[in-house]
Amino acid sequence: MGRVKLQIKKIENSTNRQVTFSKRRNGLIKKAYELSILCDIDIALIMFSPSGRLSHFSGKKRIEDVLARYLSLPEQERGGSCNKKLLDINTKFIVLKGDSGIIT
């Protein structure tokens with residue numbers, strides 16, 4: 001017997017939403033790991049749970065290195081509608097790296 005197709009929409013019940021996130025987070029991290037090994041790619045994955053908890057994964061390189069590589073691309077190569085937000089992140093990243101020494 002096959003699985004029931006899940007309708008993709010926000011899960012209203014917060015407990016169910018957290019459980020679903022936890023299970024799918026682990027699956028997504030596993031897939032990212034497999035992709036990084038099989039295809040020898042640089043990968044960075046950053047997620048925040050519904051409760052605000054950070055989860056992250058990176059392959060061979062640090063998340064900061066992959067993010068810096070992405071931000072160094074010309075704007076037209078980055079694509080998407082998040083470019084202004086990423087520019088703000090880049091500015092904060094440079095400030096953190098230069099001022100506080102948190103990111104090396």
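**Salt bridges and a helix face**

Reader: What is the relative accessibility of K61?
Author: K61 counts as partly exposed, a class lying between buried (under 20% relative accessible area) and exposed (over 50%), with a 1.4 Å probe and protein chains only. This is a predicted model, in which local features need pLDDT of at least 70 and side-chain atom pairs pLDDT 80 or more, while totals for chains, interfaces and linings use all residues. Residues are numbered from 1 along each chain as its sequence is written, and side-chain values use heavy atoms, leaving out hydrogens and water. For K61, the relative accessibility is 41%.

Reader: With which residue does K61 form a salt bridge?
Author: A salt bridge is a side-chain nitrogen of Lys or Arg within 4 Å of a carboxyl oxygen of Asp or Glu, and for K61 the closest N and O atoms are 3.7 Å apart. The pair links distant parts of the chain, 19 residues apart, with K61 in the loop between β2 and α2. Its partner is D42.

Reader: How far apart are the closest N and O atoms of R69 and D42?
Author: These two residues form a salt bridge. Since R69 lies in helix α2 and D42 in the loop between α1 and β1, the pair ties together parts that are 27 residues apart in sequence. D42, K61 and R69 are linked in a network of salt bridges, and between R69 and D42 the closest atoms are separated by 2.6 Å.

Reader: Within what arc do the buried residues of α2 fall?
Author: Helix α2 (a DSSP run of H or I, at least four residues) spans residues 63–71, and I63, V66 and L71 are buried there. Seen down the helix axis, these buried residues line one face, because the arc that holds them is 135°.

Notes
Helix = DSSP H or I, 4+ residues; strand = E, 2+ residues; numbered from the N terminus. Arc of directions from axis to C-beta.
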